[in-house]
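Hi,

Here is the structure I promised to pass on.

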Amino acid sequence: MISLILTTLYLAKDTVHRWFTRASSPLARVLVVFFLSLCALCFLGSYVISAKAIRDKIRNRGGDLVAAFLMLPDEERAVCLPNRQETEKLLGADSVVVIPAGNAQISERKFVPIVTYDFRRAGQFMPLLAPGGGATLLCPAESALYPPGPIDLRIGAQSEAITAMVRHLPAEHLLMRLMENGAVLVQPEYLQQLQDGKTLRYQRMLLQVRDLQGAESLHRVTRYLNTLKKLEGIEGTVSSAAPLLEEMDIILGNQNQCRATFCLGIVFIVGVLLTALAGMEYRQNEFIYTLMKSFGIHPVMLVGCFIMENLVLVAASFAAAVAVFMKAQKIIVAQFKLGQYSLTLEEIMPEIQLISLTLLFCVLVSAVPIIVAANRQIGRVLK
């Protein structure tokens, strides 16, 4: 045990001594790995940011939505449509279902759609209604046409105007994404009284996928709704931006090939450098290492010493490259003109892991000539 510790300390001391006496060797490895890693992070980071920017634009333009227009059978008004909790649990999506019921007249030439809901969605819509459950005019927050407060409007063919409360909702609210120009929300009981108990058969359903990872996220929702339509005998249409996302997935797949090619280039450059320098370092001290072998030192320790040396230098260089990239990424990203985006360590972590595995592979490959040299017969070296 003591001999093992002493041998390890001697090899470590010899390595540090070589660094100081021949500083060009460790410095070359550090600089090459540092700049190649920084270039790789810039390249792969721009890929991640571009994908992030595209996904944000797709979401802002409704790419994360699945819309369904459903016509229910005559015998039922609400046919087992999934409620909010079910869509969240099964599909990972927020959802809203409204029942169109004509138009409300606000002024001589201004009409706004009337919508209501079924009893399974009462908990979702009741907080939006006016105090006491009265009618509410929902409109986008940026709309200046109707300030918050009471407003008079007419519903259907009734002669007398009713008072509704104006409520502003943010533009990203799911109901506002379904009814872009606003809508009058009323309770189902009130609407049925005005329409003499007439059954409302049409429903509009909008689902927003929370974690949009590609076309498959939307296909999962559309398959569910199409299956539901088939089993429940519901007529209607289901639409989404899945075809657009499929094209984007193809483009991102091609970019993955570019990433793989770029990493192979790093493997080749760093692997050749580490292998050449490690072989040169060993040959310069081969006589001493062979003497150590004759005294009982196992070749595994000699090979392990060179692996650890390269591993320490490469790890330090890569850590420095990551730190510089995280600090200067805004300057670097600005050169690619991708907008005001920045990456967190968590978002860039897959690329860091990819480069780390690439560099680790280079370190292991660089040990191949050392393994061959360390297993040469002692007599062939000392003769």
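Strand 5 (residues 149-155) runs antiparallel to strand 6, and the two pair over five bridges; helices (H or I, at least four residues) and strands (E, at least two) are DSSP runs, numbered from the N terminus, and two strands pair if DSSP finds at least two bridges between them. Within that pairing, Leu153 has Ile162 of strand 6 as its bridge partner. Strand 6 (residues 162-169) also pairs with strand 4 (residues 136-140), this time in the parallel sense, again over five bridges. There, Leu137 sits opposite Val166 of strand 6.

Before the rest, some housekeeping. This is a predicted model, where local features need pLDDT of at least 70 and side-chain atom pairs count only at pLDDT 80 or more, while totals for chains, interfaces and linings use all residues. Residues are numbered from 1 along each chain as its sequence is written, and side-chain values use heavy atoms, with hydrogens and water left out.

Overall, the protein chain has 13 helices and nine strands. Of its 383 residues, 43% count as buried (under 20% relative accessible area, with exposed over 50% and partly exposed in between; 1.4 Å probe, protein chains only). Among contacts (heavy atoms within 4.5 Å) with a separation of 6 or more, 80% are between residues 24 or more positions apart.

Now the cores, meaning sets of buried Ala, Val, Leu, Ile, Met, Phe, Trp, Tyr and Cys residues joined through side-chain atoms within 4.5 Å. The largest nonpolar core has 50 residues, and Leu218 and Leu359 have the most contacts inside it. Elements giving it two or more residues include strand 8 (202-209), helix 7 (215-232) and helix 11 (345-366). Helix 2 gives the most, with 12 residues. Neighbours within four places in sequence aside, Leu359 touches Val33, Ser37, Ile266, Val270, Val314 and Phe318. Apart from this core lies another one of 18 residues, including Val115 and Leu185.

Glu351 lies in helix 11 and counts as buried because its relative accessibility is 5%. Beyond its neighbours within four places in sequence, Glu351 contacts Leu44, Val48 and Arg259. Thr116, in strand 3 (residues 111-116), is buried too, at 1% relative accessibility. The Thr116 side chain reaches the backbone oxygen of Val186 at 2.9 Å.

Cheers

Definitions and conventions. A polar contact is a pair of N or O atoms within 3.5 Å; within protein, one must be able to donate a hydrogen and the other to accept it, and residues adjacent in sequence count only if both atoms are side-chain atoms.
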